[in-house]
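Please keep the sequence and the model in view while reading.

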Amino acid sequence: MFESRFAMALMVACGASLWAGADAQAAVLFEDNFEATTTVPGAPDAPQAGVYPGGSESPESLVVAAGGSHPASPAAGSHILNTTGKDRNYGDFVSPATGTGILTYEFDARLDGSSDNNFGIFGDGSITTLDGNALGVWLRLASNGVVYSFNGGWVDTTLDHAIGQWQHYVIEYELGGSTFDLTAGATTVSVNMAGAMSQVDGVMFGQGGTNSTNGYTDNVVASFVPEPSSLALASMGLVLAYRRRS
């Protein structure tokens with residue numbers, strides 16, 4: 001009996017170690033709090049993680065000083081991204097998120113005007129294309145205070161935002177799924193998508209439908225946690241099998 005318990009404990013420890021190793025693979029794919037600037041406004045340094053795509057406008061060229069004629073940063077930073085008057089601004093990844101796992105995309109956003117700001121995740125989804133990128137997750141922070149998502153048409157997520165206030169948003173998407181979890185402030189809902197993605201290539205933020213958009217973005221982070229390895233799952237199976245035999 002002692003040997004049985006010892007062997008099982010050893011297998012459990014081994015399996016737990018493998019699960020911990022899998023968790024350790026979590027990686028920040030893109031991160032920018034828009035603090036890496038030399039002048040305001042002006043040409044910035046690179047974001048903390050990830051890159052902006054070549055041949056397109058760099059969002060960091062729109063960095064402004066927080067406070068004064070612009071709102072303060074929600075995280076007490078000295079810079080924020082001003083999306084006013086701009087149609088499309090993108091973040092990107094160094095490498096895509098592929099296989100199985102969960103992508104987390106979070107950001108702070110604020111509307112001070114009467115137009116909309118859009119945020120999204122693009123990869124191999126089937127919803128629509130924008131500048132050659134398939135958008136699998138697409139949110140619209142609308143001027144009427146409603147947060148919409150696109151699943152073949154714009155639908156109300158039941159979440160709201162207030163004009164003139166910062167709000168924190170978190171998107172959690174498991175690759176291959178047809179829904180994602182959206183958190184706005186302290187409320188989380190499950191949102192339907194028009195098409196699943198097995199690969200995620202980047203994030204979009206600060207996209208406005210018209211040049212009258214008056215909005216701000218800060219603290220953008222996209223990270224990916226792969227599912228535990230098959231070896232870890234196999235170890236857990238061995239533990240259960242050994243227990244049955246014992």
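1. Basis. This is a predicted model, in which local features need pLDDT of at least 70 and side-chain atom pairs count only at pLDDT 80 or more, while totals for chains, interfaces and linings use all residues. Residues are numbered from 1 along each chain as its sequence is written, and side-chain values use heavy atoms, with hydrogens and water left out.

2. Strands are DSSP runs of E with at least two residues, numbered from the N terminus. Buried here means under 20% relative accessible area, exposed means over 50%, and partly exposed is in between (1.4 Å probe, protein chains only).

3. Partners of strand 15. Two strands pair if DSSP finds at least two bridges between them. Strand 5 (residues 101-111) runs antiparallel to strand 15 and is joined to it by 10 bridges; here Arg 110 has Tyr 216 as its bridge partner. Strand 1 (residues 27-32) also pairs with strand 15 in the antiparallel sense, over 5 bridges, and Glu 31 stands opposite Val 221. Strand 3 (residues 79-82) pairs with strand 15 in the antiparallel sense over 2 bridges, with Leu 81 opposite Thr 217.

4. Salt bridge. How many salt bridges does a search of the whole structure find? The search finds 1, where the term requires a side-chain nitrogen of Lys or Arg within 4 Å of a carboxyl oxygen of Asp or Glu. Arg 110 forms a salt bridge with Asp 112, and the closest N and O atoms are 2.8 Å apart. Arg 110 is buried at a relative accessible area of 17%, whereas Asp 112 is partly exposed at 30%.

5. Asn 118. This residue belongs to strand 6 (residues 117-123) and is buried, with a relative accessible area of 1%. The side chain of Asn 118 makes a polar contact with the side chain of Arg 140 at 3.2 Å. A polar contact is a pair of N or O atoms within 3.5 Å; within protein, one must be able to donate a hydrogen and the other to accept it, and residues adjacent in sequence count only if both atoms are side-chain atoms.

6. Cavity. A cavity is a set of points, on a 1 Å grid over the protein atoms alone, where a 1.4 Å probe fits but cannot get out; lining residues have an atom within 4 Å of a point. The count comes to 1 cavity of 30 Å³ or more, and the largest cavity holds about 30 Å³ of space. Its lining includes Arg 110, Leu 141, His 161 and Tyr 169. Strand 5 gives the most to this lining, with 3 residues, and strand 11 (167-174) supplies at least two.

7. Positive phi. Most residues other than glycine have a negative phi. Ala 76 has a positive phi of about 65°; it lies in the loop between strand 2 (63-65) and strand 3 and is exposed, with a relative accessible area of 74%. Asn 219 has a positive phi of about 55°, lies in strand 15 and is buried at 19% relative accessibility.

Technical notes: Helix = DSSP H or I, 4+ residues; strand = E, 2+ residues; numbered from the N terminus. 1 Å grid on protein atoms, 1.4 Å probe; cavity = no way out; pocket = protein on both sides within 12 Å on 5 of 7 lines; lining within 4 Å. Points joined across faces, edges and corners; volume = space filled by probe spheres on them.
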